[in-house]
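Subject: Structure handover

Hello,

I am handing this structure over to you. Please open it first, then read my notes below.

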Amino acid sequence: MSLGTQPRSAAVDVAPGRTVPPWVLVFGAVFVCSWAGNQFSPMLLLYKEAEHYSAGTVTSFLGVYVAGLAPALIIAGAVSDHVGRRIPMFWAVCFGLAGSVLLALGELGSVPIYLGRLVSGMTVGTAMAVGTTWLKEMSGAPYDMTADAGSGARRASLAFTLGSALGALVAGSIAQWGPWPEVLPYAIHVVVTLPFLWLVRRAPETSVPDAVRPPLRTRMAVPSARHRRFLRVVVVCGPWLFVACGLAYGYLPVLLGDAAGGLGLAYATMLSVIALVSGALIQPVAKRIDSSSSARGIVVSLATLTVGMLVMMAAVATDQLIVGAVASVVFGAGFGIGLVSGLLEVQRIAPAADLAKLTGVFYAVAYLGFVVPTILAALTPPFTTIELLTALVVLLVISTLAVLVSYRKHLPATGSRW
């Protein structure tokens, strides 16, 4: 290479005369898998009204998603370290297609819905654990010579939030105004996803398995999950990210359903899109807030989510749709800051051999927050919604104080790893 010549990034042929950077293919795969996971959220009111499911049943549809997601997050990371990134991501796309087909059969009863949500959880779990790591590995030499150190985390977070937002927008809009509302949203997702069965196999493999394969128990172990920084900062914040998502576009639309009247589905869709777009738009700011020498990004995220909880309480108390929309904006901002900061913390903590697995553990912990709306619905009554949200605010403040205690402690670059 001559003096002054810039190194060239890799490119992949996807059509005659058409090339794209390798990370774009993985970004797209994560995008359609995230679409699969979140297209159901604005449909909760439809199932409640059209199929006459109880509030407890529709929130359990939301919660069963975690039963497929959490194991997939843990297992997929270990599998991808063993066989490479491409095969698990291919299966994530397959799971997404299967989940949409099952959900499209929802008019037959609750069983296809439960199964579809379970498989959708497997889709997102696999895509988050493997796709996030794959994007990180492709956002650097020799695949992308222009990316900075935070590009992988931002691209993964953006793929998730944009895919989730578009999935909610398409499904919710059709449910409110379109034909065949219990089938067409899922059919559109199938059409959009099918090309990625081929495209994801075009992306270069970045993880070459060792010639000597260790026992399964060894492959599943995640030593860096015992890192004090991970336990005392990342794990404390993680669940609150998806508590915010579950409240913003799973629970709040149900609570304000009477105020929305005949536009309940449109309102649920709007809250989903507002929260996720806010999460996407805040990410350039999140990059600047994050610090490798402190937990500043995590603390700002938790503080923002606390404000969002207070605004949500005001929306429920006053039955005001506009206040509910403001709550979604704040929740989305706190989610976006926390997701970027959490992924960057994970990438600083984990060695290369642990990155996919620790990313999976982070997402598994974070997604536990999705069960909170189900728990709240089960506890109402005997408790009121305001009482339960007040308890969540108290827990959020305690979590923020716990992170502040470890604000500058156990940093991977300067402190003890364990």
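Let me begin with one loop. Trp180 sits in the loop between α6 (151-177) and α7 (184-193). Please keep in mind that this is a predicted model. Phi of Trp180 is near 45 degrees, a positive value in a residue that is not glycine. Most residues other than glycine have a negative phi, and most peptide bonds are trans. Trp180 is also exposed, because its relative accessible area is 63%, and the cut-off for exposed is over 50%.

Asp319 is another residue with a positive phi, about 60 degrees, although it is not a glycine. Look for Asp319 in the loop between α14 (296-318) and α15 (321-349). Asp319 counts as partly exposed, at 39% relative accessibility.

Next, the backbone around two prolines. The peptide bond from Thr380 to Pro381 is cis, with omega near -10 degrees. The bond from Pro381 to Pro382 is cis as well, with omega near 15 degrees. Pro381 lies in the loop between α17 (372-378) and α18 (385-405). Pro382 lies in the loop between α17 and α18 too.

Now the overall picture. The protein chain has 18 helices and 2 strands. Its C-alpha trace spans about 65 × 50 × 45 Å along the principal axes. For 418 residues, a compact globule would have a radius of gyration near 22 Å; the protein chain has 21 Å, which agrees. Of the 418 residues, 58% count as buried. Take the contacts in the protein chain with a separation of 6 or more: residues 24 or more positions apart account for 83% of them. The accessible surface comes to about 16200 Å², and 69% of that belongs to carbon and sulfur atoms.

Then the aromatic rings. How many aromatic pairs are there? The count comes to 21 aromatic pairs. One of them is Phe160 with Phe335, a tilted pair at 6.0 Å centre to centre and 45 degrees between the planes. Phe160 lies in helix α6 and Phe335 in helix α15, so this pair ties together parts that are 175 residues apart in sequence. Phe335 counts as buried, at 1%.

Phe160 also pairs with Tyr367. Their ring centres are 6.4 Å apart and their planes are at 80 degrees, so the pair is edge-to-face. This pair links distant parts of the chain: Phe160 in helix α6 and Tyr367 in helix α16 (residues 355-367), 207 residues apart. Tyr367 is buried, with a relative accessible area of 1%. Phe160, Phe335 and Tyr367 are among the members of one aromatic cluster, which also includes Tyr65, Phe242 and Tyr249.

Thr126 is found in helix α5. Its relative accessible area is 6%, so Thr126 is buried. Leaving aside neighbours within four places in sequence, Thr126 is in contact with Ala72, Ala76, Pro88, Met89, Ala92, Phe95 and Gly131.

Last, the surface. Val101, Leu105 and Leu108 form a nonpolar patch there, with about 300 Å² of accessible area together. Leu108 is in the loop between α4 (86-103) and α5 (110-138). Leu108 counts as exposed, at 70% relative accessibility.

Best wishes

How values were computed
Residues are numbered from 1 along each chain as its sequence is written. This is a predicted model: local features need pLDDT of at least 70, side-chain atom pairs count only at pLDDT 80 or more; totals for chains, interfaces and linings use all residues. Side-chain values use heavy atoms; hydrogens and water are left out. Patches are made of residues with over 30% relative accessible area and no salt bridge: like charges are joined within 9 Å, nonpolar side chains (Val, Leu, Ile, Met, Phe, Trp, Tyr) within 5 Å. Accessible areas come from the Shrake-Rupley method with a 1.4 Å probe; for residues, only the protein chains shown count as cover. A salt bridge is a side-chain nitrogen of Lys or Arg within 4 Å of a carboxyl oxygen of Asp or Glu. Helices (H or I, at least four residues) and strands (E, at least two) are DSSP runs, numbered from the N terminus. Buried means under 20% relative accessible area, exposed over 50%, partly exposed in between (1.4 Å probe, protein chains only). The radius of gyration is taken over C-alpha atoms; the globule rule is 2.2 Å times the number of residues to the power 0.38. Contact means heavy atoms within 4.5 Å. Rings of Phe, Tyr and Trp (its six-membered ring) pair if their centres lie within 6.5 Å; planes under 30 degrees apart count as stacked, over 60 as edge-to-face and the rest as tilted.
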